Structure formats: structure tokens, C-alpha cells
Amino acid sequence: MEAFYEGTSRDHHPSGARGPQPADHFRDEAARWLADRGIDQWQEPYPTEDLMEQGMLRSIRAGETFIVWDDDGQPAATITVDRWANPDLWTPEEAAEPALYAHKLTVARAYAGQGLGAELLDWAGSRVAAAGDCWLRVDVWTTNRQLQDYYRRLASRTCARSRLRTTLR
């Protein structure tokens, strides 16, 4: 087990260490919360329910999906970090650059507003540096402007502290 964030008791684990169910729970909870705010993100499985589930399981089995567990063993957040450049978001030139991609970052509503999403992106940035890559790219739902603005604010703050370049789409 590797400490997720120095100075806290939060740990991250590949999600397969405790099973895939938390990833489904996070997505469902987030989809309901987004729908209540009139945001269409995650209202329909992409591209289909079966293919979405297959993709999630593939990421879990590959050790690319991580869960943050609280002190009581409850899931608090999840993120997938891999090398897959979604061709709907990134150009072939961008995809050829040394980068890791953050997908499906989701924080349980009970932990919202505590900076856990920012911590996960900082952690993902450390994986970029450890891999010798230059970019942490965050896949962002194209119609969710509030989420895009949130990530831009984080990227500005992160870039001020790091030599890593962060891009959003």
C-alpha cells in the first residue's frame, strides 16, 4: 500500500484491490447530482452500457483506476490515470506527446468541497513526473462548463507550483 498524500490518512489503491463496485457507485451518485443541476454529463452510458462497463473493468484490471479510502474503509474518490488519449478530445499530434491522461475523476458527495479532487490531480501529476512525461491531460465533459472552469483554476494553481504542463479538454 502506498500513501496517497503525505500528512493525511487517506490511501489510494488500485480499485481492483477491493473490487469494482465503488467505481459504479461514484458514477451513479455523480450522475444524479449533475442531473439535479441540469448538467447532462453521465446521464447516458458512453458509448453503451456494456462498452462502458468493459472499459471500466479493463482500466481496473490494468491497475489504472484508483480509489481513495477514508479511515473507516469507505470509498471517498476515484480517478483513472492512463496513456489513452481520447481521439474525440486530443489531436494525433497531442496524443504522440509524452503524457498521462486523467479520466473519470469523481469525489463522493460526502467529501465534496474538501480539496480531494485537487489532491488527486496533484497525485496524478506526481505520476507524470515519475514516468518522465511532460503533460497531465484531463479529459473533461465538453458541455460541462462549470467543471472545465474548475479544472482551469486548478491547472493555473498547479502550473504555478510545477514545471509540468497541464492541459484540459
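Colleague: Quick start. How many helices and strands are there in the protein chain?

Modeller: Five helices and seven strands. Keep in mind that this is a predicted model.

Colleague: What pattern does the chain follow along the sequence?

Modeller: Reading along the sequence gives β-β-α-α-β-β-α-β-α-β-α-β.

Colleague: And what share of the residues counts as buried?

Modeller: The protein chain has 169 residues, and 46% of them count as buried.

Colleague: Let's do aromatics. How many aromatic pairs turn up in the whole structure?

Modeller: Three, from a search of the whole structure. One of them joins phenylalanine 66 and tryptophan 123. Their ring centres are 4.8 Å apart, with 70° between the planes. That makes the pair edge-to-face.

Colleague: Where do phenylalanine 66 and tryptophan 123 sit?

Modeller: Phenylalanine 66 is in strand β3, residues 65-69. Tryptophan 123 is in helix α4, residues 116-131.

Colleague: Is phenylalanine 66 buried or exposed? What about tryptophan 123, buried or exposed?

Modeller: Phenylalanine 66 is buried, at 4% relative accessible area. Tryptophan 123 is buried as well, at 6%.

Colleague: Which residue pairs with tryptophan 90?

Modeller: Tyrosine 101. This pair is edge-to-face, with 5.7 Å centre to centre and 65° between the planes. Tryptophan 90 and tyrosine 101 are both buried.

Colleague: Switching to charges. How many salt bridges are there?

Modeller: The count comes to three. In one of them, aspartate 133 meets arginine 83, at 2.8 Å from N to O.

Colleague: Which parts does that one tie together?

Modeller: Two loops. Aspartate 133 is in the loop between α4 and β6 (135-138), and arginine 83 is in the loop between β4 and α3. They are 50 residues apart in sequence. Aspartate 133 counts as buried, with 11% relative accessibility.

Colleague: What does glutamate 97 pair with?

Modeller: Arginine 137, with the closest N and O atoms 2.5 Å apart.

Colleague: How accessible is glutamate 97? And arginine 137?

Modeller: Glutamate 97 is partly exposed, at 33% relative accessibility. Arginine 137 is buried, at 1%.

Colleague: Which residue forms a salt bridge with arginine 152?

Modeller: Aspartate 149. Their closest N and O atoms are 3.6 Å apart. Both residues lie in helix α5, residues 145-161. They are three residues apart, about one turn of the helix.

Colleague: On to the surface. Which residues gather in the patch of negative charge?

Modeller: Asp28, Glu49, Asp50 and Glu53. Helix α2, residues 49-61, gives the most, with three residues.

Colleague: Where is aspartate 28 found, then?

Modeller: In helix α1, residues 21-36. Aspartate 28 is partly exposed, at 44% relative accessible area. Patch members need over 30%, so aspartate 28 passes that cut-off.

Colleague: Backbone next. What is phi for tryptophan 42?

Modeller: Near 65°, a positive value in a residue other than glycine. Tryptophan 42 is in the loop between α1 and α2. At 12% relative accessibility, tryptophan 42 counts as buried.

Colleague: And what is phi for lysine 104?

Modeller: About 55°, so positive, although lysine 104 is not a glycine. Lysine 104 sits in strand β5 and is partly exposed, at 32% relative accessible area.

Colleague: Last one. How far apart are alanine 131 and proline 98 in space?

Modeller: They are 9.1 Å apart, C-alpha to C-alpha, and 33 residues apart in sequence. Alanine 131 is in helix α4. Its relative accessible area is 40%, so alanine 131 is partly exposed.

Notes: Residues are numbered from 1 along each chain as its sequence is written. This is a predicted model: local features need pLDDT of at least 70, side-chain atom pairs count only at pLDDT 80 or more; totals for chains, interfaces and linings use all residues. Side-chain values use heavy atoms; hydrogens and water are left out. Patches are made of residues with over 30% relative accessible area and no salt bridge: like charges are joined within 9 Å, nonpolar side chains (Val, Leu, Ile, Met, Phe, Trp, Tyr) within 5 Å. Accessible areas come from the Shrake-Rupley method with a 1.4 Å probe; for residues, only the protein chains shown count as cover. A salt bridge is a side-chain nitrogen of Lys or Arg within 4 Å of a carboxyl oxygen of Asp or Glu. Lys and Arg count as positive and Asp and Glu as negative; His and the chain ends are not counted. The place of a charge is taken as NZ of Lys, CZ of Arg, CG of Asp or CD of Glu. Helices (H or I, at least four residues) and strands (E, at least two) are DSSP runs, numbered from the N terminus. Buried means under 20% relative accessible area, exposed over 50%, partly exposed in between (1.4 Å probe, protein chains only). Rings of Phe, Tyr and Trp (its six-membered ring) pair if their centres lie within 6.5 Å; planes under 30 degrees apart count as stacked, over 60 as edge-to-face and the rest as tilted.
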